[in-house]
Amino acid sequence: MTTRTLVLSALFTALLCALAVVPPIPMPLVPVPLTLQTLLVMLAGLVVGPRAAGLAVLIYVVVAAIGFPVLPGARGGLGVLLGPTGGFLVGMIPGAMVVGWLATRAIEGKPWLHIARNTLAAVLGGIVVIYLVGVPWLAIVTGMPFAKAINVVVVFLPGDFIKAVVAAFLAQRVNRFLV
Amino acid sequence: MNTYKLSLLNRLRHICRLGLRRTLRQVLQSMPAGFKLLGLIFFSTAFILLHNIVWLSSVALVMVWVWLIVRTERMVSWQKMWPLALSFGVIFLYMAWVSGLQEGFVALFRLIALWAAAQTVMLTTSTTAMMQVVETVVTPFSKLCRANPARIALLFGLTIRLMPLMVQQWHEVREAQQARGVKVKAHNMLVPMLVRTLNRAQALTDAIDARQLGETVQPKIQTHSPSAHR
């Protein structure tokens, strides 16, 4: 683990924890403020790469498991992680790594292609992987049939798609700043 | 300095209160960090099993009282607390709406108790102590994966130190955006936050490399010759 990976992971874990106590802020196009957590996980993957992002989310989940109130709404503890929404949190670890693996750096002269590819990366990692872990977990923990579990979470999909697009846009702007 | 006559009873009360605060703080600070963290894990799991409102509210009250005693600042700053109070209020209203008033209160007391317990642990445990615990826990596993326990302990220590900095950074960015007349929305806040974070990363990386922190397992404290230190 290079020092840079270590520092980036620590920073993003700290960001994830800090944003749990900050009031939810409005997103573009969505009237309801959504939690920034998934958005930040996608951004982490897009901006710092798979290793640092995966490590950051792993440490975040460990800190939440110990009991510190770093989950959105200042919640925490093993109880939340082993509960119905636990899968969506644990799934963020491989999700961040997948986003990082599939993300691309700036593409010369074609910002739209860059954003499109990063949106795809964010969707595959930030939505598909997380739901692949979260939905079965939800079904098993609550004992509800699989189809019903899917019905429950379908409500969140549009918001998550918007988050993926926003993440790709923001990552592109961040990369422009730093280049 | 203001001197005023206290009645004997008030004086005794004053001494007791001072004594209690100091004693409790000392007791909590001298407890080993691993013990406190295990206690936190136990609490956070036990709360989920507890459903009795009376027990939950008493535990919550006790934890808040302990937290208030252990704090070094006298007054509770409403400016810092209102986002937290807002989140708790929202969760309470949501649970009350979905599962009834009792479930709402159960959720609220659980949140308050856990939050106060975690704050107490954070206030009474030094970062070094926590890093030591992490290193002790990780060392047996370091033979399985090629992980240097000192690096992982450094990672945890850094994360703990950076959390308040990130909150402060958030407030700074928010004020800067408001000063520009820009509305506080996700896309306006996150880009400055990330850029500042990544710039900070470079400075931190250089500082850590320069000091070679976390390179080896923590060295034993070197005792200098008595003459060198005075």
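Analyst: In α3(A), the residues A:A52, A:A53, A:G54, A:L55, A:A56, A:V57, A:I59, A:Y60, A:V61, A:V63, A:A64 and A:A65 are buried, a residue being buried if 20 or more other C-beta atoms lie within 10 Å of its own, exposed if 12 or fewer, and partly exposed in between, with C-beta atoms placed from the backbone. This is a predicted model, in which local features need pLDDT of at least 70 and side-chain atom pairs count only at pLDDT 80 or more, whereas totals for chains, interfaces and linings use all residues. Residues are numbered from 1 along each chain as its sequence is written, and chains are lettered from A and ligands numbered from 1 in the order in which they are written.

User: How does the span of α3 of chain A compare with the span expected?

Analyst: Helix α3 covers residues 50-66 of chain A and reaches 24 Å from its first C-alpha to its last, close to the 24 Å expected at 1.5 Å a residue, where the expected span is 1.5 Å times one less than the number of residues. Just after α3(A), A:G67 takes a positive phi of about 135°.

User: Which helix of chain A has the highest confidence, and which the lowest?

Analyst: Confidence is expressed as pLDDT, the predictor's confidence in each residue, from 0 to 100. Within chain A the highest mean belongs to α6(A), at 92, and the lowest to α4(A), at 80, while the chain averages 84, with 90% of the residues scoring at least 70. α6(A) is also mostly covered, since 8 of its 11 residues are buried, and its buried residues pack against α2, α3, α5 and α7 (111-142) of chain A.

User: Which residues have the most contacts inside the largest nonpolar core?

Analyst: The largest nonpolar core has 111 residues, and A:L43, A:L46, A:A167 and B:A113 have the most contacts inside it; such a core is a set of buried Ala, Val, Leu, Ile, Met, Phe, Trp, Tyr and Cys residues joined through C-beta atoms within 7 Å. The element that gives the most to this core is α5(B), with 13 residues.

User: Why is this core said to lie between the two domains of chain B?

Analyst: Domain 1 (13-125) and domain 2 (126-217) of chain B both give residues to this core, so the core lies between them; the bounds come from an automatic or database domain assignment. The C-alpha centres of the two domains lie 26 Å apart.

User: How many residues of chain B are in contact with chain A, and what is their make-up by class?

Analyst: Counting two residues as in contact if their C-beta atoms, placed from the backbone, lie within 7 Å, 45 residues of chain B are in contact with 43 residues of chain A. α8(B) gives the most to this side of chain B, with 15 residues. By class, the side has 34 nonpolar, 7 polar and 4 charged residues, where Ala, Val, Leu, Ile, Met, Phe, Trp, Tyr, Cys and Pro count as nonpolar, Asp, Glu, Lys and Arg as charged, and the others, Gly among them, as polar.

Methods
Helix = DSSP H or I, 4+ residues; strand = E, 2+ residues; numbered from the N terminus.
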